[in-house]
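Subject: Structure handover

Dear colleague,

Please find below the structure that I am passing on to you. My notes on it follow directly after.

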Amino acid sequence: MPETNRDSEVHPVQSDALAQLQLALREQQVILDSAGVGIVFIKRRFLIRCNQRFAQIFGHADPAAIVGHTSLSLYPDAASSHALATTAYPVLAQGLTFKSEIRMKRRDGQLFWAHLTGKLVNPAATEEGSIWIIDDINEQKAAQAQLQSVLTEQSLILDNAMVGIVFLRDRKVTRCNQSFENLLGYEAGELHGCSSRQWHLTEQDWKESIDRWQVPFAVGQAFEDELVLRKKDGSAIHCEVRAKAIDASDPELGAIWICMDITARKKAENELRQARVDLEKLVEQRTQELSRTVLALEKKAIEQKEAEAHIQRLAHFDALTGLPNRLLLNDRCRHALGAAQRRHQTVALMFIDLDHFKNVNDSLGHRVGDEVLLELAVRLKAAVREQDTVSRLGGDEFILLLPETDAAGAAQVAKKLLQAALIPFQIGQHELTVTPSIGIALYPKDGVDLDTLSKCADAAMYRAKGDGRNNYRFFTPEIQAASDRTLLLDNALRRALERGQLELHYQPQISMATGQTVGAEALLRWHHPELGAVSPVEFIPIAESSGLILPIGEWVIRTAVTQLAAWIQQGMAPITMAVNLSSVQFRHAELPQLVTRILEDAALPAHLLELELTEGVAMTQPLEAIAVMTDLRQRGVRMSIDDFGTGYSSLSYLKRFQVYKLKIDQSFVRDIEQDPDDKAIVGAIISMASSLGLKTIAEGVETEGQLAFLRARGCTEAQGYYFSRPVPAQAFANYIRETALK
Ligand code: C2E
Ligand code: MG
Ligand code: MG
């Protein structure tokens with residue numbers, strides 16, 4: 001090295017030291033130049049030496065440009081230079097290193113932050129100067145300030161955020177805000193350093209959560225979830241969690257977690273869900289209720305319709321036979337009569353009543369009676385045309401409406417109906433024969449409305465019955481008069497008893513053997529002030545159909561019994577008192593008791609009373625008749641069959657009836673002298689009666705010849721005008737007295 005050589009030429013020792021010095025200086029220069037910091041020697045406030053970096057820091061191209069300058073130029077102003085000097089020199093003076101950060105000034109006047117480190121070269125001799133290391137920390141300062149403001153902002157955010165924020169590194173809390181602590185119920189700072197396991201419900205929960213967030217974290221994505229976390233007190237809270245790794249490439253840096261308590265929201269959601277479920281349930285329930293109501297309503301509507309239809313049916317049709325009733329008949333009749341009037345046609349109205357139908361009901365029961373009516377309805381319908389109406393009014397009464405039918409046509413239909421009824425009715429084991437009686441009225445001759453026509457047909461029907469039943473009759477003016485009279489008599493009869501218009505006449509009954517009066521028949525007489533004497537043949541049936549026969553009949557028995565008792569009292573030899581009994585009376589349940597009471601009241605021996613029953617009454621209901629007759633017989637009362645021979649009698653029943661006497665009807669007696677048939681009949685009756693041990697009495701004996709024949713045939717008694725007409729009580733008593741004297 002030339003300098004070394006040169007030095008060695010001067011003095012070997014000297015030159016060695018010099019060389020070493022120069023080496024040291026060069027080395028120093030290399031250090032100075034290569035140092036990243038500015039280095040300067042200052043002596044007596046002048047810059048003696050500096051490195052490149054120093055020159056650079058202060059805006060100079062190389063050290064030469066700044067060396068020799070006063071140090072004052074490095075500071076913003078004299079005051080700051082002075083301030084540094086006053087703080088630094090006491091430190092330096094002690095031989096210590098002075099360090100500070102101050103503001104300095106570049107060549108262009110720009111101020112910058114610098115870090116100073118100063119030391120005296122020789123603390124013992126300050127004049128030897130000082131060395132300063134200067135570091136430009138302007139950028140660092142700026143970065144620091146920026147960092148500071150970021151941190152401040154961050155703290156602000158953290159401290160004021162409503163959500164919980166926690167920084168986790170290696171799953172441990174490095175930092176968290178108060179909201180996070182509050183969220184989990186911890187004291188301030190309590191969570192610092194804690195593991196995130198702390199707020200997971202279970203170990204497994206925690207691990208699963210880790211598994212879930214690790215994937216998005218690794219690729220720089222946010223992890224979002226709803227987790228159930230555990231508070232410090234052990235209770236659970238629902239949280240919405242958002243987390244992200246601070247740096248996806250560096251897991252070491254950890255992650256930031258943001259937690260929001262959504263317990264209330266969850267609760268609200270659950271409540272909402274529950275409310276919805278409840279609502280749906282309610283709606284479902286209501287729907288079901290509604291459909292049930294609708295069903296019930298529909299059912300009701302159907303029932304209502306059925307009920308209406310039923311009512312309609314009931315209103316217009318007879319329940320038993322299904323035939324139109326009077327209401328529907330009315331309707332049909334109005335139409336038929338209207339049409340007939342327009343077309344000048346005739347209409348026939350037929351009233352049908354079954355003869356003795358009551359007996360069928362009474363003896364065989366209503367069920368059998370109903371079956372007969374049902375069958376009859378079928379037969380009636382079959383006998384007429386399509387346009388005809390067969391209606392039932394109730395009971396055994398039917399009305400037929402036959403449009404476009406005249407008298408001849410009606411007669412033809414009536415015959416057909418009688419024919420149809422002839423075939424016996426087979427009801428169960430019973431074979432029954434019922435005969436109808438038919439009355440016919442014609443439009444317009446007999447009436448122009450249903451009411452009038454049906455009254456006429458009804459009256460004609462009664463006439464048919466009166467004429468022997470099982471036939472038909474047209475309505476006539478004569479029938480009209482009769483029915484008018486029936487009505488008149490019915491009304492008048494209602495007051496006959498209380499007004500004392502009734503009286504009994506007595507007709508003697510004579511013994512064939514002795515010629516003596518052995519009995520009397522009590523016959524009812526009605527004398528009306530205006531109508532005069534009304535025959536029992538006329539008013540008894542009226543009284544029977546109105547029921548008046550019961551009080552009248554009782555009056556008759558009582559009067560007759562009392563009369564006989566009085567006669568005997570007065571010394572008359574005891575005779576029997578025959579009293580006629582209506583079928584209505586006979587069927588009355590109280591009859592036997594009533595008879596006994598009357599006999600007891602009059603103190604008359606029961607065997608002196610004889611009750612006359614017509615054949616029909618006994619025969620239509622033989623079993624019931626036997627019971628009643630047996631009862632009466634046991635009470636001592638005698639019984640006879642009136643008008644015998646006019647109806648049917650069964651011999652076996654006659655025996656069982658315990659009848660005492662048969663009264664041969666006067667129709668046989670009347671022509672007995674001439675008519676061989678009557679002779680035969682009467683003869684047969686008498687011999688039959690005697691063979692059964694019964695007495696016989698002939699009614700209506702008017703002639704000696706009749707009497708002779710009867711006596712010859714063995715008839716036991718006789719009654720008739722030949723002996724006496726029925727006479728008032730006094731006259732009868734006189735008759736007895738007079739005949740007894742003979
Ligand atoms: P009956 O019981 O057969 O009575 C006999 C009827 O023949 C009586 O008519 C009587 O006057 C009449 N008679 C009697 N002898 C002769 C005669 O020689 N020649 C003729 N041609 N007739 C004679 P009456 O009194 O008009 O009674 C008629 C019917 O009225 C009775 O027939 C009877 O069935 C009924 N009757 C009369 N009184 C009563 C009564 O108090 N109660 C009931 N239920 N019926 C009565
Ligand atoms: Mg009689
Ligand atoms: Mg008679």
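In these notes, a residue is buried under 20% relative accessible area, exposed over 50%, and partly exposed in between, using a 1.4 Å probe and protein chains only. This is a predicted model, in which local features need pLDDT of at least 70, side-chain atom pairs count only at pLDDT 80 or more, and totals for chains, interfaces and linings use all residues. Residues are numbered from 1 along each chain as its sequence is written, chains are lettered from A and ligands numbered from 1 in the order in which they are written, and side-chain values use heavy atoms, with hydrogens and water left out.

**Magnesium sites**

Donors here are N, O and S atoms within 2.8 Å of the metal (3.2 Å for Na, K and Ca); water is not among the atoms, so sites may look incomplete. E612 belongs to strand β22 (residues 609-614) and D642 to strand β23 (residues 638-644), so the pair ties together parts that are 30 residues apart in sequence. Strands are DSSP runs of E with at least two residues, helices are runs of H or I with at least four, and both are numbered from the N terminus.

E612 and D642 are both buried; for D642, the relative accessibility is 7%. The magnesium ion (ligand 3) is coordinated by D642 (OD), D643 (OD) and, through two entries (OE), E699, at 2.0 to 2.5 Å. Its donors follow the spacing D-D-x55-E. D643 is partly exposed, with a relative accessible area of 25%. D642 bridges the magnesium ion (ligand 2) and the magnesium ion (ligand 3), which lie 4.0 Å apart.

**Helix α10**

Which residues of helix α10 (residues 357-364) are buried? They are F357, N359, V360 and N361. These buried residues pack against β11 (347-354), α11 (366-383), β15 (430-432) and α19 (615-620), where contact means heavy atoms within 4.5 Å. G365 follows α10 and has a positive phi, near 100°.

**Helices α16 and α18**

Between helix α16 (residues 549-569) and helix α18 (residues 591-602), E554, I557, R558, V561, T562 and A565 of α16 meet L594, I598, L599, D601 and A602 of α18.

Yours sincerely
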